Protein chains: 2
Amino acid sequence: MRLTSYTNYSLRILMYCGVHPERLVTIPEIATAFGLSRAHLLKSARQLGQLGYLQTVRGRNGGIRLARLPEQMIVGDIVRALEDTSEFVECFNPARNQCRIAGVCELSGLLRRGLQRFYEELDTATLADLVGDGRELRLRLPVVEVA
Amino acid sequence: MRLTSYTNYSLRILMYCGVHPERLVTIPEIATAFGLSRAHLLKSARQLGQLGYLQTVRGRNGGIRLARLPEQMIVGDIVRALEDTSEFVECFNPARNQCRIAGVCELSGLLRRGLQRFYEELDTATLADLVGDGRELRLRLPVVEVA
């Protein structure tokens, strides 16, 4: 059981933007700060834009920034939107299910309730909680000039 | 985010044994009932034995059976024992972590608490709850003679 890297990287993008609320940041800058690939981050950033979490400003001095106040971004909502739990077990997806006890199996409902509890816990925090005052995160993620 | 097939198949083995408490069952029989590979099930059964959930009787008429009453097998405990969440996100495993904000990142603790909620929900059920009276499961999993 793992959170996908995709969701993980997306959360890092949002946290990085949250740490620098006063300016536009760039994908190459985030990639350098976290030591991650630009391509992966670009894909995440695009979806975060579509979901209404990021704003993109185009052009030479362009970049990305949070599209809402971090206090309004509930972590559970973000992870629900990014993380595909429709295949947490095969019976969650009727189109692909091959398990012969689907429909009469009590485990399925139990796992669904478990995931609900997981997300409810994530609903207790916002991006603002993850960012805090940003000081410690800024120390770990020094801003570097990138091409 | 997915439950591993390994955990999923292991739970099916336990449920199958729970449905036939009066006799020994065999891996080929479970493989046929669920349409799964014997090799995968064997691996799971071996670990379930090591964990004290299954008993193996060797010999020509041998097989496996539950090593405890299903009422005493808490689903959360079983899944905790089988499912590796030590790498749910990379920072859960300090030996392999590469994330630069590990230690100052609030997300890590939030995800840990989320997983705790997930398992707490799974702790509300035992194998006996999953098996019920076994009638519906038996209908879906007809017993077939296998070599």
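The model is predicted. The largest nonpolar core has 98 residues, and F88(A) and F88(B) touch the most other members. One helix pair lies in chain A, α4 with α5, and another in chain B, α2 with α3.

**Nonpolar core**
- Among the 98 residues of the largest nonpolar core, F88(A) and F88(B) are the ones that touch the most other members.
- Beyond its neighbours within four places in sequence, F88(B) contacts M1(A), R2(A), L3(A) and F118(A) in chain A, together with M1(B), L111(B) and L115(B) in chain B.

**Helices α4 and α5 of chain A**
- Helix α4 (residues 75-82) and helix α5 (residues 106-122) of chain A have axes that come within 6 Å and cross at roughly 135°.
- That angle makes α4(A) oblique to α5(A).
- From α4(A), the contact involves V75(A), G76(A), V79(A) and R80(A), and from α5(A) it involves Y119(A), E120(A) and L122(A).
- Sorted by class, the residues in this contact of α4(A) with α5(A) are 4 nonpolar, 1 polar and 2 charged.

**Helices α2 and α3 of chain B**
- In chain B, the axes of helix α2 (residues 27-34) and helix α3 (residues 38-50) come within 9 Å, crossing at roughly 125°.
- α2(B) and α3(B) are therefore oblique to each other.
- The crossing of α2(B) past α3(B) is right-handed.
- Residues I27(B), P28(B), I30(B) and A31(B) of α2(B) meet R38(B), L41(B), L42(B) and A45(B) of α3(B).
- The contact of α2(B) with α3(B) has 7 nonpolar residues, 1 charged residue and no polar ones.

Notes: Residues are numbered from 1 along each chain as its sequence is written. Chains are lettered from A and ligands numbered from 1 in the order in which they are written. This is a predicted model: local features need pLDDT of at least 70, side-chain atom pairs count only at pLDDT 80 or more; totals for chains, interfaces and linings use all residues. Side-chain values use heavy atoms; hydrogens and water are left out. A nonpolar core is a set of buried Ala, Val, Leu, Ile, Met, Phe, Trp, Tyr and Cys residues joined through side-chain atoms within 4.5 Å. Buried means under 20% relative accessible area, exposed over 50%, partly exposed in between (1.4 Å probe, protein chains only). Contact means heavy atoms within 4.5 Å. Axes are lines fitted to C-alpha atoms, for helices over the stretch in contact, and angles run from 0 to 180 degrees between N-to-C directions. Helices (H or I, at least four residues) and strands (E, at least two) are DSSP runs, numbered from the N terminus. Angles under 35 degrees count as roughly parallel, over 145 as roughly antiparallel, 65 to 115 as roughly perpendicular and the rest as oblique. Ala, Val, Leu, Ile, Met, Phe, Trp, Tyr, Cys and Pro count as nonpolar, Asp, Glu, Lys and Arg as charged, and the others, Gly among them, as polar. A crossing is left-handed if the near helix is turned anticlockwise from the far one by less than a right angle, and right-handed if clockwise.
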